[in-house]
Amino acid sequence: MNRFFLILFLWLLPALSATARETITGTVVDSHGDPMPGVKIEIPGSSEFFFTDLDGAFQIVLKEPVKKLNFTYPGLGTSTYRVKPEMKVMLGKGWSGHEKGFRYLLDIEGGLGFKGNVTIKSGPNMVKNIHSFLKTGLTNTYGYQINKHLYAGIGYGVYLDFTKWHEIEEHGSYYNNEIRYDDYSSTELTGVEIPVFIKLRWDFGLTQKTAPYIGLRIGYSRVINVDDGYLCVASSSSYNYWTHLEVNKENCGSFFIAPSIGYRMTLHNKTGMNIGLRYMTGMKNKYSASIDYDAGKTIFSQRASDVLFLNIGFDF
């Protein structure tokens with residue numbers, strides 16, 4: 001009886017051994033659908049590797065199941081695919097197959113302003129900390145991918161420009177010699193900004209699923225104010241006189257430099273999503289003030305400000 005079970009076990013051993021193995025088959029083709037011979041196939045975390053035959057086909061017998069395989073071909077880098085029955089792997093799609101070509105970038109941006117605060121004072125009236133507080137809008141860039149890293153293009157955009165300021169007014173009473181101060185802040189849409197620029201960008205892994213990038217914009221921006229640039233009137237009445245300080249934001253243009261850093265995620269073929277930060281420096285804001293307390297004198301003040309943008313965009 002024992003000999004019978006031993007013979008039965010030896011007879012079933014090859015079948016049990018075959019059952020424990022996994023066979024993966026498939027073909028590898030390029031972006032045009034043509035077979036790719038000589039593609040190297042590796043098992044992540046293992047030293048084993050295989051190659052496709054002249055027809056781009058492969059058959060791999062493994063001792064234990066795996067979830068992913070790496071496919072490598074000179075000039076196309078390495079792509080990772082999940083294991084499926086009768087795999088069909090396409091290499092060279094998207095930027096991995098075409099490292100040069102036209103590329104369009106669309107960015108949705110919003111940024112907070114820094115520096116460049118202006119304070120205007122006349123008699124008892126004061127408007128202080130006038131500055132470009134918030135910019136939000138979108139930019140379009142049309143350019144050419146020179147190689148798998150370097151991109152160059154030209155672009156333009158439209159921003160909504162919000163200005164913030166702080167008003168202080170003095171009011172006195174002729175009858176009881178009391179003085180009251182009104183103190184309040186305001187934030188309003190004051191203009192539309194149109195930047196035009198040259199853009200350079202360096203992608204550290206355009207063919208990868210996710211990779212960082214750095215960029216640089218150099219250009220000229222023009223602010224066109226709404227409502228004739230009117231910001232506010234700070235008025236004071238004190239004893240036997242009445243004064244007002246009217247502040248306006250003037251149309252103004254300036255050159256700027258804007259370095260950026262971020263991360264790109266490939267969505268499909270040549271389509272990617274970008275999330276990053278951009279620091280725009282050199283933006284000028286110009287203000288005027290009409291002061292009837294000083295016989296209608298008009299003064300001008302100009303300051304350069306910086307803006308830190310958060311941008312979310314797409315490239316195609």
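Four strands, in the order β3-β2-β5-β6, form an open sheet with antiparallel pairing. Strands here are DSSP runs (E, at least two residues), numbered from the N terminus, and two strands count as paired if DSSP finds at least two bridges between them. At the edges lie β3 (49-51) and β6, each of which pairs on one side only. From one strand to the next the twist averages 25 degrees; axes are lines fitted to C-alpha atoms, and angles run from 0 to 180 degrees between N-to-C directions.

The model is predicted: local features need pLDDT of at least 70 and side-chain atom pairs count only at pLDDT 80 or more, whereas totals for chains, interfaces and linings use all residues. Residues are numbered from 1 along each chain as its sequence is written, and side-chain values use heavy atoms, with hydrogens and water left out.

Within the sheet, strand β2 (residues 40-42) and strand β5 (residues 68-73) pair in the antiparallel sense over three bridges. Glu-42 stands opposite Asn-70 in β5.

The loop between β6 (77-82) and β7 (87-90) contains Glu-86. The phi of Glu-86 is near 50 degrees, a positive value in a residue other than glycine. Glu-86 is exposed, because its relative accessible area is 62% (exposed means over 50%, buried under 20%, and partly exposed in between, with a 1.4 Å probe and protein chains only).

Asn-129, in strand β10 (residues 125-145), also has a positive phi in a residue other than glycine, near 55 degrees. With 36% relative accessibility, Asn-129 counts as partly exposed. Strand β10 also holds Ser-132, which counts as buried because its relative accessibility is 3%. The side chain of Ser-132 makes a polar contact of 2.7 Å with that of Asp-161 and one of 3.4 Å with that of Lys-135. A polar contact is a pair of N or O atoms within 3.5 Å; within protein, one must be able to donate a hydrogen and the other to accept it, and residues adjacent in sequence count only if both atoms are side-chain atoms.

On the surface, a nonpolar patch includes Leu-112, Trp-202, Ile-261 and Tyr-279, and its residues together have about 1000 Å² of accessible area. The elements giving two or more residues to the patch are β8 (101-114), β17 (271-291) and β18 (297-315). Patch residues have over 30% relative accessible area and no salt bridge, and nonpolar side chains are joined within 5 Å. Tyr-279 belongs to strand β17 and counts as partly exposed, because its relative accessibility is 33%.

Methods. Patch = residues over 30% accessible without salt bridge, like charges linked within 9 Å, V, L, I, M, F, W, Y side chains within 5 Å. Areas by Shrake-Rupley, 256 points an atom, 1.4 Å probe, with all protein chains shown as cover. Salt bridge = Lys/Arg side-chain N within 4 Å of Asp/Glu carboxyl O.
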